Every structure is written in C-alpha cells, then in structure tokens.
Amino acid sequence: MGKVDRKDGVVRLPLVNPANTPVRDPLGDEAMVDPAVVRLAVLDDLLNLGRANSLWPLTFGLACCAIEMMAAGASKYDMDRFGAGVFRPSARQADVMILAGTISKKMSPVIRQLWDQMPSPKWAIAMGGCTIDGGPFKYPNQYAIEEGADKIVPVDIYIPGCPPRPEALIAGILQLKEKVKAGRRFEG
Ligand code: SF4
C-alpha cells in the first residue's frame with residue numbers, strides 16, 4: 001500500500017499512479033500507490049456508471065404532478081432514452097423514488113415505509129412545489145399537508161414548478177445521473 005502522509009494532524013492519501021512509480025505531488029512529496037487501489041477505484045467508477053445509466057424509479061404518484069411524471073415515461077418524452085424508464089412495481093426492485101405531488105400527513109409514514117423497503121444505494125427526487133415545501137397548500141395553521149418531502153426522506157434533486165413539465169423531470173433525472181456517477185450514497 002502507498003504511504004499516508006500526516007502533516008499538521010491532517011491525514012492525506014497518496015497520489016494515484018497506475019504505473020506504481022514514484023510521483024511528485026503539488027506539495028513536493030513523493031508517494032507510491034498500490035495498483036490494487038487504482039483497480040478498486042476504477043471498479044467503483046464502473047459500478048457508479050452502471051447505476052447512473054440504469055435508474056429504476058418506483059411506480060407511485062401522489063397527486064397532479066404524477067400525471068407529468070407519467071407523460072415523461074410515455075412515448076413522446078421516453079425516459080428510456082436515459083435508462084430511467086423501467087418503473088418498478090415493488091419498492092424492493094427500485095432505486096429512485098420520484099415524489100410527485102402533494103404529500104398528506106396521512107401518507108407520510110407510508111412513503112417512509114416504501115423508502116425503507118428500497119435497497120441501497122437509493123435516491124429521491126422531489127417533483128413540484130407541493131413536494132418541495134407544501135406548495136399552494138401551505139398556509140398558517142394548516143394541519144393536513146407535509147411541508148416538504150425532505151421531512152420524510154433525504155432528497156437528492158428538487159424540481160420546482162406547479163406542475164413541472166416532463167422536460168423538467170428529465171432534466172432532474174440527468175442531474176441525478178451526474179450525482180450517481182460522482183459517488184455512492186448508502187445512508188437512508
Ligand atoms: S405542485 Fe401543483 S401540480 Fe404538483 S401536485 Fe402540487 S398542486 Fe398539483
């Protein structure tokens with residue numbers, strides 16, 4: 001394994017060097033890296049690339065925004081072009097939750113249960129003003145609507161609008177793909 005530098009109490013990983021030869025980093029230190037580390041990093045990138053290009057959304061909608069989500073999956077917009085068109089009927093087979101529509105407080109525990117049933121890594125998209133913060137149903141002393149999907153699940157992408165058009169959802173999917181490619185997320 002390559003050495004780990006410790007300077008000023010900070011642990012700094014050595015530079016990645018596929019040829020396993022000494023390299024000089026910008027701070028002037030020489031370091032070696034085990035090729036196995038490089039291979040693991042490449043494998044990780046490949047897995048993330050595969051995940052990003054085969055997102056499987058969970059089939060469920062909450063209110064009117066879900067109509068736009070359905071349109072995004074239909075032939076005109078065709079989310080299959082981006083590898084995200086396989087809507088799964090079971091939470092156990094899905095890795096993306098698209099929260100599309102008003103979230104009533106009665107539905108909150110159900111949504112959380114579905115989220116918990118999804119295997120990690122998994123991601124969530126909040127689609128529409130209602131899902132982001134309650135939208136037009138948010139007013140003082142209201143008691144029926146959850147004012148934000150992030151109170152129930154960790155949200156990765158927010159898509160504003162009332163409702164957002166299918167193009168906006170596709171833009172959100174493309175943003176999510178970039179996020180998935182950049183790294184893993186296993187927390188729930
Ligand atoms: S944001 Fe607008 S379109 Fe979407 S669920 Fe709320 S009221 Fe309906």
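I begin with the ligand. The residues around the ligand are Ala63, Cys64, Cys65, Gly101, Thr102, Gly128, Gly129, Cys130, Gly135, Pro136, Cys162 and Pro163, where a residue counts as near a molecule if its C-beta atom, placed from the backbone, lies within 6 Å of it. Sorted by class, this shell holds seven nonpolar, five polar and no charged residues. Here Ala, Val, Leu, Ile, Met, Phe, Trp, Tyr, Cys and Pro count as nonpolar, Asp, Glu, Lys and Arg as charged, and the others, Gly among them, as polar.

A word on the basis of all this. This is a predicted model, in which local features need pLDDT of at least 70 and side-chain atom pairs count only at pLDDT 80 or more, while totals for chains, interfaces and linings use all residues. Residues are numbered from 1 along each chain as its sequence is written. The mean pLDDT (the predictor's confidence in each residue, from 0 to 100) is 85 for the protein, and 80% of its residues reach 70 or more. Over residues 1-6, pLDDT stays under 50. Where pLDDT is low, the predicted coordinates should not be read in detail.

Two cis peptide bonds deserve attention. Cys162 and Pro163 are joined by one, with omega about -10 degrees; Pro163, which is also among the residues around the ligand, sits in the loop between strand S7 (157-159) and helix H5. Helices (H or I, at least four residues) and strands (E, at least two) are DSSP runs, numbered from the N terminus. Another cis bond links Ser120 and Pro121, with omega about 0 degrees.

I turn now to the helix packing. How do H2 and H5 cross? Their axes come within 8 Å and cross at roughly 75 degrees, the axes being lines fitted to C-alpha atoms over the stretch in contact, with angles from 0 to 180 degrees between N-to-C directions. H2 and H5 are therefore roughly perpendicular to each other; angles under 35 degrees count as roughly parallel, over 145 as roughly antiparallel, 65 to 115 as roughly perpendicular and the rest as oblique. Glu68, Met69, Ala71 and Ala72 of H2 meet Pro166, Leu169 and Ile170 of H5, contact requiring C-beta atoms, placed from the backbone, within 7 Å. That contact has six nonpolar, no polar and one charged residues.

The axes of H1 (residues 35-52) and H5 (residues 166-182) also come within 8 Å, crossing at roughly 160 degrees, so H1 and H5 are roughly antiparallel.

Notes. Contact = placed C-beta atoms within 7 Å.
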